[in-house]
Amino acid sequence: MSPIVSIIMGSTSDLPVMEKACQFFEEMEIPFEVNALSAHRTPDAVSDFARGAAARGIKVIIAGAGMAAALPGVIAAETPLPVIGVPIKGSCLEGLDATFAIMQMPPGIPVATVAINGAQNAAILAMQMLALGDDALMQKLVTYKAGLKKKIVKANEELSKLEYKFKC
Ligand code: RP5
């Protein structure tokens with residue numbers, strides 16, 4: 001089995017957040033790899049990874065980083081693959097630092113940026129990209145989305161049982 005998605009994080013301190021992406025791919029049975037690389041601490045390794053990812057069969061890259069989060073943008077600079085950035089909340093700036101660093105890319109080098117700590121949404125977005133060329137994955141996404149709707153239907157059933165004097 002070869003990975004089609006690569007999950008990269010700037011440090012293993014990002015793992016508690018980035019694990020949400022791993023768990024989603026596991027649930028959806030999508031082969032993935034997960035590694036730590038740092039734009040600041042291991043710049044050469046980041047470059048090697050980004051340049052070689054497409055040739056290894058990777059289709060989408062998810063990169064999570066905190067603080068001065070250069071990782072997703074630096075990867076995007078050296079690959080034609082789509083890169084999804086996950087800003088990690090880790091410093092005294094509460095993740096805004098990473099959000100701006102990841103989101104404010106110059107024209108020509110986009111990084112699709114999800115919410116602070118939004119690793120699960122990054123995985124879903126990656127699956128949506130993969131599903132464009134894979135009917136079976138698209139069907140799994142349809143089922144997944146239907147499951148989300150059921151959750152809210154159930155929530156409303158529970159809310160309807162709440163009793164208050166002035167609840168109409
Ligand atoms: C970033 O610096 C990493 O992505 C991490 O969010 C943050 C802190 O890294 P550690 O000092 O915990 O390794 O590059």
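Q: In which loop is the place of Glu29?
A: This is a predicted model, in which local features need pLDDT of at least 70 and side-chain atom pairs count only at pLDDT 80 or more, while totals for chains, interfaces and linings use all residues. Residues are numbered from 1 along each chain as its sequence is written, and side-chain values use heavy atoms, with hydrogens and water left out. Helices (DSSP runs of H or I, at least four residues) and strands (runs of E, at least two) are numbered from the N terminus. On that basis, Glu29 is placed in the loop between helix H1 (15-28) and strand S2 (32-36).

Q: Is Glu29 buried or exposed, and what is its relative accessible area?
A: Although Glu29 is not a glycine, it has a positive phi of about 55°. Buried means under 20% relative accessible area, exposed over 50%, and partly exposed in between (1.4 Å probe, protein chains only). Glu29 is exposed because its relative accessible area is 65%.

Q: What is the phi of Asn117, a residue that is not a glycine?
A: Asn117 lies in the loop between S5 and helix H5 (119-131). The residue counts as partly exposed because its relative accessibility is 31%. Its phi is positive, at about 65°.

Q: In what order do the elements of the protein run from the N terminus on?
A: The protein holds six helices and five strands. Taken from the N terminus on, these elements run β-α-β-α-β-α-β-α-β-α-α.

Q: What percentage of the residues of the protein count as buried?
A: The C-alpha trace of the protein spans about 65 × 40 × 30 Å along its principal axes. Its accessible surface (Shrake-Rupley method, 1.4 Å probe; for residues, only the protein chains shown count as cover) comes to about 9,900 Å², of which 60% belongs to carbon and sulfur atoms. Of the 168 residues, the share that counts as buried is 39%.

Q: Which elements are included in what covers the buried residues of H4?
A: In helix H4 (residues 96-103), the buried residues are Asp97, Ala98, Thr99 and Ile102. As a general point, an α-helix has 3.6 residues a turn, so residues three or four places apart point the same way. The cover over the buried residues of H4 includes strand S3 (60-66), helix H3 (71-77), strand S4 (83-88) and strand S5 (112-113).

Q: Which residue has a side chain joined to that of Asp97 by a polar contact of 2.6 Å?
A: Asp97 counts as buried because its relative accessibility is 17%. Residues up to four places away in sequence not counted, Asp97 touches Met67 and Ser91, where contact means heavy atoms within 4.5 Å. A polar contact is a pair of N or O atoms within 3.5 Å; within protein, one must be able to donate a hydrogen and the other to accept it, and residues adjacent in sequence count only if both atoms are side-chain atoms. At 2.6 Å, such a contact joins the side chain of Asp97 to that of Ser91.
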